[in-house]
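Subject: Handing over a structure, with notes on its pockets and ligand

Dear colleague,

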Amino acid sequence: MNPTGKTFWITGAASGMGKALSLLLAKQASLLIISDRDRVGLEKTASEISSLGARVRSEVLDMSDFNAISQLAGKVLSDGIHIDGLYQFAGISQRSLVAETPVDIDRRIMEINFFGVVALVKAILPDMISNGGGQISVTSSMVGKFGFPYRSAYSASKHALHGFFESLLAENSKYNIKVSVLIPGRVRTNISKFAINREGNEYGKMDPGQENGITAEKAARQILKGLQKEKKEILVGGSELLMVHIRRFFPALYYILATRIRPV
Ligand SMILES: NC(=O)c1ccc[n+]([C@@H]2O[C@H](COP(=O)([O-])OP(=O)(O)OC[C@H]3O[C@@H](n4cnc5c(N)ncnc54)[C@H](OP(=O)(O)O)[C@@H]3O)[C@@H](O)[C@H]2O)c1
């Protein structure tokens with residue numbers, strides 16, 4: 001996908017990888033629609049995009065509010081805008097043990113990370129098909145490829161994305177719909193600070209993993225390269241991604257390692 005002259009919708013654009021990719025795309029896109037629940041961060045991203053000379057429309061959107069998702073998508077499409085690329089980053093993480101986490105918390109994570117993502121795709125896909133095709137990406141995680149302590153529902157929500165988006169691709173590649181699943185390892189963003197604990201409150205700390213991860217800007221460059229090559233899975237990060245290959249090729253070793261990880 002060549003970004004020149006195209007229209008993209010990026011969710012989770014107020015910070016982290018969504019913001020960094022928006023700024024990269026701003027150099028070539030014709031219009032960027034950016035959304036997030038964080039109004040202040042979103043406005044900051046919008047003004048940085050404008051200063052790069054791109055047109056931007058920013059929309060506060062909570063990905064757990066399915067009515068708001070379909071209303072906003074309907075409004076955008078009825079304004080005559082066709083989305084060439086829908087790149088979804090909005091998501092929340094988790095820091096709590098299975099044994100102590102009420103199912104309501106699991107459900108909240110699934111609603112944002114899975115059902116919200118699915119709802120937005122469904123709202124955009126028919127128009128994308130009738131407009132001749134487009135590109136859809138969703139942000140999983142390396143823990144969308146294997147389980148990890150303290151992340152049970154988060155990991156499950158990311159695993160679910162793989163099944164959904166592979167099916168989406170299988171059904172729609174004949175309509176020129178390209179699908180990429182992003183698989184970040186560790187990227188230095190606020191994702192762990194805003195992760196929720198067993199009470200549904202913010203965890204509030206930057207994990208050592210995130211602290212030592214690559215920057216969001218470096219991640220965005222890896223992502224853009226993968227999107228341009230229309231890769232079906234895009235690994236994003238550094239040496240920590242080795243665990244994805246260990247899980248796939250040496251599952252017995254993965255089980256030994258996973259049970260020894262100290263939950264943080
Ligand atoms: N950073 C990593 O190491 C890593 C690794 C694997 C996967 N990921 C995934 O990468 C994606 C982007 O995260 P990031 O690392 O760039 O972190 P980030 O900087 O926290 O970005 C996530 C953005 O999503 C927004 N968001 C959260 N819940 C939302 C909701 N209900 N509706 C709308 N927006 C919402 C956040 O807003 P608030 O600031 O208000 O929370 C934030 O602006 C996420 O899906 C995450 O799971 C990240």
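This is a predicted model: local features need pLDDT of at least 70, side-chain atom pairs count only at pLDDT 80 or more; totals for chains, interfaces and linings use all residues.

Residues are numbered from 1 along each chain as its sequence is written, and side-chain values use heavy atoms, with hydrogens and water left out.

I begin with the open spaces. A pocket here is an open set of points, on a 1 Å grid over the protein atoms alone, with protein on both sides within 12 Å along at least five of seven lines, and its lining residues have an atom within 4 Å of a point. The largest pocket holds about 1000 Å³ of space, a volume being the space filled by probe spheres set on the grid points. It is lined by 47 residues, of which Gly91, Ser93, Thr189, Asn190 and Ile191 are the closest to its centre. Helix 1 (16-25), helix 5 (152-172) and helix 6 (208-211) are the elements that give two or more residues to this lining, where helices (H or I, at least four residues) and strands (E, at least two) are DSSP runs numbered from the N terminus.

Which space does the ligand take? The ligand takes the space of the largest pocket, on the rule that more than half of a molecule's atoms must lie within 2 Å of the grid points. Around the ligand there are 30 residues, with Ser15, Arg37, Tyr154, Thr189 and Gln210 the closest; a residue is counted if one of its heavy atoms lies within 4 Å of the molecule. Helix 1 and helix 5 each supply at least two residues of this shell.

A nitrogen atom of the ligand lies 2.8 Å from a polar backbone atom of Met63, and an oxygen atom of the ligand lies 2.8 Å from a polar backbone atom of Val187, while for Gly16 the distance from a polar backbone atom to a ligand oxygen atom is 3.3 Å. Of the 880 Å² of accessible area that the ligand has on its own, the protein covers 96%, with areas taken from the Shrake-Rupley method with a 1.4 Å probe.

The second largest pocket holds about 180 Å³ of space, and its lining consists of Lys145, Ile183, Lys231, Glu233, Leu235, Val244, His245, Arg247 and Arg248. Strand 9 (233-236) and helix 8 (242-249) each give two or more residues to that lining, and the largest share, four residues, comes from helix 8.

Finally, there is one cavity of 30 Å³ or more, a cavity being a set of points where a 1.4 Å probe fits but cannot get out. The residues that line the largest cavity include Met1, Phe8, Tyr87 and Gln135, and helix 7 (residues 216-228) gives the most to that lining, with three residues.

With best regards

Technical notes:
A polar contact is a pair of N or O atoms within 3.5 Å; within protein, one must be able to donate a hydrogen and the other to accept it, and residues adjacent in sequence count only if both atoms are side-chain atoms.
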